[in-house]
Amino acid sequence: MDPTAPQRRVTIVDVARHARVSVTSVSKVLRNAYGASPEMQNKVRRAIEELGYRPHAGARGLRGQTYTIGVMLPDIRNPFFPEILDGITDSLEETDYQVFLGPGCNGEKAEARVTEAMIDRGMDGLVLVAPVSPRAHLEHVAGVVPTVVVGRHGSSPAYDTVADDDTEGAALVVRHLVGLGHRRIAHIEHHETDPTRLAEMPNARRADGYRQAMRVEGLEEFIDVISTSYSQEGGHRAARELLGRPAPARPTALFAGADIAAMGVLDAVTEAGLSVPGDLSVAGYDNTTFAAYGPISLTSVDQRGQEMGRNAVRLLLERIADRARPSTKVVLSPRLVARRSTARFAG
């Protein structure tokens with residue numbers, strides 16, 4: 001036998017013969033259908049394992065279900081999004097579903113290509129993480145396939161949503177820094193101009209939450225927002241601008257709207273020959289894994305990314321089972337995790 005020759009794919013008929021049952025019985029077990037006894041299920045599943053049988057995705061699609069879920073992530077470089085992905089995959093571990101990832105690249109055209117490709121491949125449901133597409137496009141997608149939108153506010157009768165209370169999360173940071181004696185507290189936001197996204201995206205909610213909290217604390221005159229991007233480069237650029245000011249006009253504390261931006265801030269502070277928190281207290285948002293890393297020890301808001309992913313799966317499976325049910329909006333409560341990057345103002 002030629003070892004390089006392609007091996008024949010194991011079929012449902014092979015499984016039936018190996019288990020000494022009918023093809024109909026194997027089909028029932030694969031579909032978790034009524035009428036398959038525990039003994040039958042054990043025989044069939046043992047045969048499947050021994051033969052290495054894999055159901056043909058195309059054939060399953062013809063029967064109405066492919067047991068695949070598409071997950072769109074906007075930026076695979078942002079360490080927060082794997083937290084959501086972990087929650088998704090953990091929740092699906094004991095199911096027949098398999099996750100397929102697609103990069104949205106923080107752009108409407110890229111998102112449309114990814115979502116349409118997932119629809120074309122017959123995926124049973126989609127989880128769209130922080131999509132920037134217009135609501136009309138999201139509703140179009142949700143009209144075709146069950147969809148959950150994660151990390152975007154607003155609601156729609158067409159899809160379910162899971163988000164963090166970003167306004168309260170920003171307020172937690174401001175209150176923490178004010179409690180440490182800081183008054184000149186600046187904020188790095190992700191630049192946004194689209195009216196709908198200004199109302200629905202987390203970055204806009206965090207910036208609004210910062211402004212509201214500063215007013216509540218009587219610090220309206222010190223409101224200071226630098227608009228760049230939620231990226232390491234964006235944080236670096238914003239910090240250089242702030243640190244380039246005359247000393248009396250510099251902030252003593254800086255709230256970056258995402259941990260990835262806070263990383264750029266830390267680089268810029270080091271390059272300027274200054275220290276955190278000695279010269280500048282720095283806080284982030286997301287509580288990513290590197291925030292807890294000893295040499296960084298970044299104060300950050302935990303928006304419970306894994307819990308977001310778990311809720312997204314729960315809502316999506318409910319939506320797959322019942323397309324007509326009313327849409328659901330889940331809002332999680334954030335918490336502040338204080339670490340060594342913030343300290344009492346010494347001035």
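**Notes on the predicted model**

1. Let's start with a helix pair. Helix α8 (residues 166-179) and helix α10 (residues 202-216) have axes that come within 7 Å and cross at roughly 45°. That makes α8 oblique to α10, since angles under 35 degrees count as roughly parallel, over 145 as roughly antiparallel, 65 to 115 as roughly perpendicular and the rest as oblique. Axes here are lines fitted to C-alpha atoms, for helices over the stretch in contact, with angles running from 0 to 180 degrees between N-to-C directions. Helices (H or I, at least four residues) and strands (E, at least two) are DSSP runs, numbered from the N terminus.

2. A word on the source: this is a predicted model, where local features need pLDDT of at least 70 and side-chain atom pairs count only at pLDDT 80 or more, while totals for chains, interfaces and linings use all residues. Residues are numbered from 1 along each chain as its sequence is written, and side-chain values use heavy atoms, leaving out hydrogens and water.

3. Who meets whom in that pair? On the α8 side, Asp-166, Thr-167, Ala-170, Ala-171 and Val-174 are in contact (heavy atoms within 4.5 Å) with a set in α10 that includes Pro-202, Arg-205, Gly-209 and Tyr-210. The residues of this contact split into seven nonpolar, three polar and three charged; Ala, Val, Leu, Ile, Met, Phe, Trp, Tyr, Cys and Pro count as nonpolar, Asp, Glu, Lys and Arg as charged, and the others, Gly among them, as polar.

4. Leaving aside residues up to four places away in sequence, Val-127 touches, among others, Ile-69, Val-71, Ile-88, Val-150 and Leu-316.

5. Just after α1, Arg-20 takes a positive phi of about 60°.

6. Finally, the whole chain. The protein chain has 13 helices and twelve strands, and buried residues make up 50% of its 347 residues. Its C-alpha trace spans about 85 × 45 × 35 Å along the principal axes.

How values were computed:
Buried < 20%, exposed > 50% of the residue type's maximum accessible area, 1.4 Å probe, protein only.
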